Each structure stands twice: as structure tokens, then as C-alpha cells.
Amino acid sequence: MSQVFSKSPKHCAERRRFTISKYHKKLFFAFSSFLTLLLAFIFLIWLTLHPSKPQFSLTQADIYQLSLTRPSLLNSSIQLTFLSKNPNKRVAIYYDQLQAYASYKGQQITVDTSLPPFYQDHEEANLLTAFLQGTALPVAPSFGYEVGRDQIAGKIVLSLKVNGKLRWKVGSWVSGRYRFNVNCVSIIAFGPNTAPTSPLSSNRGTQCSTTVFFTCMVEDFKKKMRH
């Protein structure tokens with residue numbers, strides 16, 4: 001007599017669920033391993049090519065006009081020369097959307113002035129010139145008094161700022177845009193005997209502070225993953 005063994009539908013369903021669950025575990029493990037290796041690779045590349053922020057210094061500042069037409073309206077004319085240097089040996093930089101302006105005691109005394117975009121190769125340095133102006137800019141009523149005090153003290157201190165975006169370039173790869181700010185301080189001789197027709201000038205080199213907002217890299221990575 002022969003025996004015939006048959007499996008119930010319940011038994012087959014349980015086996016099917018076990019097989020699918022095992023497949024999902026393997027798939028999850030493979031994906032986790034791949035993601036770990038990818039992140040490790042990105043981290044290794046970042047450690048190897050971690051870009052240093054660009055260096056800026058102010059080489060020249062000339063004030064051609066700083067006069068009040070009314071107690072609270074200012075006309076200004078200032079020329080600046082910056083030295084920009086890329087300290088990286090393997091990373092080049094694209095500069096975009098550059099804006100420069102001057103401020104005095106927390107008050108902006110020129111309008112934002114656009115600077116042309118440019119490319120900076122490895123360890124390259126470039127001179128940038130900006131001509132800043134302001135016409136009938138509103139300032140605090142105490143502006144004239146503060147300038148008079150600085151003239152008695154023999155010097156005037158200006159804050160000079162550049163804002164923009166940059167892109168890192170490694171080989172043929174170009175990153176997304178990251179915001180950066182440059183802050184410079186210029187101390188310019190300004191005494192009681194200064195000729196009214198002569199520009200106020202300072203050619204003492206001043207190192208500027210540069211801030212790059214690397215937190216944007218997370219957003220850039222997410223955008224690239226979505227595409």
C-alpha cells in the first residue's frame with residue numbers, strides 16, 4: 001500500500017511567507033551594506049579633498065566721498081581692492097553672485113554692488129576691484145556727529161563686506177552652490193588737517209574673515225539623491 005502525503009494550503013502559505021521574509025532580510029542587508037560602503041567612500045573622499053575656505057585680504061581702500069546732503073541723507077563713493085586666494089592644492093573654485101558693500105558703525109553707507117563671477121584654479125590668487133556708491137542713503141541723525149568724532153580722533157573705521165556663492169571643482173565634478181561671507185575692517189587716517197578734495201586712503205593690508213556655510217552640503221546631497 002502506498003502512502004500519499006499532501007500539504008495543506010495553510011502550510012504552503014506559511015512557507016511562502018517565510019521565503020518572502022527571508023528575501024526581504026537579504027535585500028535589506030544588501031542595501032544597508034551598500035549604503036554603508038557609499039557613505040564610507042564619500043567620507044574618505046571628503047577627508048582626502050576637504051576644501052579649505054578661500055582667503056581674502058583688503059589691499060586698498062579709498063574714500064572719495066562721504067558727505068551729508070541733509071542731516072540724514074548720505075552720498076558716498078568708495079573704491080576697494082581685494083586679494084582673493086584659493087589655498088587648495090586639488091580643488092578649484094567658481095565664484096558666483098558676488099555682492100559688495102561698505103558699512104560704518106553698523107549702518108550701510110553704499111548700495112550692494114555686483115562683482116563679476118570668476119574661476120580660481122588650484123592655489124591661484126586674483127585681485128578684485130569694487131567701486132561702491134550711495135546716493136541719498138538714509139542714515140541715523142547722529143551720523144555727522146560720529147564722523148566728526150572720528151576726525152578728531154584721527155581715524156575712521158569702515159566695515160567692508162562681500163557676500164556670494166561658490167562651487168568647488170574637483171576634476172570634472174562641480175559641487176552645488178554654497179553661501180559665503182567675507183568681512184574686512186579698514187582703518188583709514190582721517191585727521192582735522194585732511195584736505196577736503198583729497199581721497200581718504202589706506203593701503204595697509206588687512207586680513208579678512210571668511211565664512212563658508214558647509215551645512216548646505218547636506219541639502220545638495222539630498223537633491224542629487226532625488227535626481
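This is a predicted model: local features need pLDDT of at least 70, side-chain atom pairs count only at pLDDT 80 or more; totals for chains, interfaces and linings use all residues.
How many aromatic pairs does a search of the whole structure find?

The protein chain has 3 helices and 13 strands, and buried residues make up 33% of its 227 residues. If we take the contacts between residues at least 6 apart in sequence, 74% of them join residues that are at least 24 apart. The chain exposes about 14700 Å², and carbon and sulfur atoms supply 59% of that area.

Let me start with the strands β1 and β2, which run antiparallel and are joined by 13 bridges. These two strands form a hairpin with 2 residues between them, and within this pairing Ser67 stands opposite Asn75 of β2. Strand β2 also pairs with β7, which covers residues 125-138, again in the antiparallel sense and over 12 bridges; here the bridge partner of Lys85 is Ala125 in β7.

Now please look at strand β10, where I would like to set two residues side by side. Ser186 lies in this strand and is buried, with a relative accessible area of 2%. Leaving aside its neighbours within four places in sequence, Ser186 is in contact with several residues, including Leu58, Ala61, Ile156 and Ser202. Ala189 also lies in β10, but Ala189 is exposed, with a relative accessible area of 56%. With the neighbours within four places again left aside, Ala189 is in contact with Gly154, Lys155 and Leu200. The C-alpha atoms of Ala189 and Ser202 are separated by 7.3 Å, although these residues are 13 apart along the chain.

Next comes helix α2, residues 143-153, and its buried residues are Phe143, Val147 and Asp150. Seen down the axis of α2, these buried residues fall within an arc of 60 degrees, and therefore they line one face of the helix. The face turned away from that buried side carries the exposed residues Tyr145 and Ile152. What covers the buried residues of α2 includes several strands, among them β1, β2, β3 and β10. After α2 comes Gly154, whose phi is positive, near 95 degrees.

That brings me back to the opening question, and the answer is that the search finds 6 aromatic pairs. In one of them, the rings of Tyr94 and Tyr119 have their centres 4.8 Å apart and their planes at 50 degrees, so the pair is tilted. Because Tyr94 lies in strand β3 and Tyr119 in strand β6, this pair ties together parts that are 25 residues apart in sequence. Tyr94 is partly exposed, with a relative accessible area of 25%, and Tyr119, at 33%, also counts as partly exposed.

Another pair is formed by Tyr104 and Phe143, whose ring centres are 5.3 Å apart and whose planes stand at 70 degrees, so this pair is edge-to-face. It links distant parts of the chain, with Tyr104 in strand β3 and Phe143 in helix α2, 39 residues apart. Both Tyr104 and Phe143 are buried. Ring pairs also link Phe56, Tyr95, Phe118 and Phe180 into a cluster.

Finally, two arginines deserve a mention alongside the rings. The charged end of Arg167 sits over the ring of Tyr94, 4.7 Å from its centre, while Arg179 lies over the face of Phe213, at 4.2 Å from the ring centre.

Methods. Residues are numbered from 1 along each chain as its sequence is written. Side-chain values use heavy atoms; hydrogens and water are left out. Buried means under 20% relative accessible area, exposed over 50%, partly exposed in between (1.4 Å probe, protein chains only). Helices (H or I, at least four residues) and strands (E, at least two) are DSSP runs, numbered from the N terminus. The arc is that of the directions from the helix axis to the C-beta atoms. Contact means heavy atoms within 4.5 Å. Accessible areas come from the Shrake-Rupley method with a 1.4 Å probe; for residues, only the protein chains shown count as cover. Two strands pair if DSSP finds at least two bridges between them. Rings of Phe, Tyr and Trp (its six-membered ring) pair if their centres lie within 6.5 Å; planes under 30 degrees apart count as stacked, over 60 as edge-to-face and the rest as tilted. A charge sits over a ring if NZ of Lys or CZ of Arg is within 6 Å of the ring centre and within 35 degrees of the ring normal.
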